[in-house]
Amino acid sequence: KSMEDKLNSCKTYKVTYHKYEQSFYNYLRFIKIFKSIEFHGFIDKCSRNYTHHKTNSENEEGTISSILSYHVYDIIFKNCSGIKQITLLTISKRIMKMKSFDNLSNLCVLEIGEIQYLEKIAHICKKIKKIVINLHGGFNNSQLLINFLKVQHGLKAVYLLSRFKLFQISNELLIQMHSIEELCIKNFILPNGQIITLSKLKRLEITVSEWTSQTVATLLTVSCPILEVLKFDDSLPPLDVLAEFIKKTEGHLQCLHLDHPYEHLDTQVLLKSIAKSCPKIKSLAIIINITEDLNLLEHLLLSCNELKSLTLMSFDYIRLTLLQEVLRTIDENWKVSSEFSEYGRRIEFNKFH
């Protein structure tokens, strides 16, 4: 007897097919967001409840989850034509192969865990504004992504996130991203050996576990003339290289966040670059050598008079009273908002009016 027959004979669970178009009220048309991880958490809970008092429950639990997922996906994909945002990180290959995605034409935000998912929906989804590729494995078929991006009419944001391995974005893929306004890359690097201008990019977030000579070289070739937000998580490029990159933002930068408080030798060249090139900056998280950079910090604060949020990280102990005195002489509205790093090496200030 199949597991589906067992479910049908169970008083608690029964696989049925409803004609939603004949329902008194069609709730499915109001679904705007679907996230596979949360959905599978609910399915797994149902499966555990069914198998709680049964022998061989672990084997049956996986089978029941698979059956319930298959049927509920069928309902979702056939009836939820109003979905604007969907996350498909844990969806099975069987479901991707068998189910129709014809009702997802209104999709605007797409997050997937496998590039292969794009092959099934590329001819349907052409209104994507934001795509997130959250890889747990390889990136061995970028042509699928290239083909998908080619048919998008209003793409604004691309997130390329790799958990374990470093991948390089191809020239052809970069061409398809020329008009985006937001780019977030984790363990992805841009093509090396050519000048790259991202003329419409306003937000750039970079996470690289280690800046090799190749990754540094790619940063040197990139220009983002209207960039407003720049964030680095994990390790940082050489600060003199970062200073040169900031100069090429042509005064538009409003937010610069660096999150790596370990020792760097070129803090002064970076502070000088920010003071000269970022008159509109409002939020700054920066690394300083507290024993040598106070004069440059004072010059930066005087030059960047639109600054409202300041986070200082140092590889030596920060004397809070000394910093407060420096900030107070510039503007008495600067106040400490938090001091939370070990050894007193990270302090946040905000300007309150």
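The protein chain contains twelve helices and 17 strands, taken as DSSP runs numbered from the N terminus (helices H or I, at least four residues; strands E, at least two). The model is predicted, with local features requiring pLDDT of at least 70 and side-chain atom pairs pLDDT 80 or more, while totals for chains, interfaces and linings use all residues. Residues are numbered from 1 along each chain as its sequence is written, and side-chain values use heavy atoms, without hydrogens or water.

Of the 353 residues in the protein chain, 48% are buried (under 20% relative accessible area, with exposed over 50% and partly exposed in between; 1.4 Å probe, protein chains only).

One cavity of 30 Å³ or more was found, a cavity being a set of points on a 1 Å grid over the protein atoms alone where a 1.4 Å probe fits but cannot get out. The largest cavity holds about 120 Å³, the volume being the space filled by probe spheres set on points joined across faces, edges and corners. Its lining comprises 13 residues, with Ile185, Leu190, Ile206, Thr218 and Leu219 nearest the centre; lining residues have an atom within 4 Å of a point. Strand S8 (188-189), strand S10 (203-208) and helix H8 (213-220) each contribute at least two lining residues.

Asn187 is in the loop between strand S7 (182-186) and S8 and is buried, at 7% relative accessibility. Asp234 belongs to strand S12 (residues 229-234) and is partly exposed, at 38%.

Technical notes: 1 Å grid on protein atoms, 1.4 Å probe; cavity = no way out; pocket = protein on both sides within 12 Å on 5 of 7 lines; lining within 4 Å.
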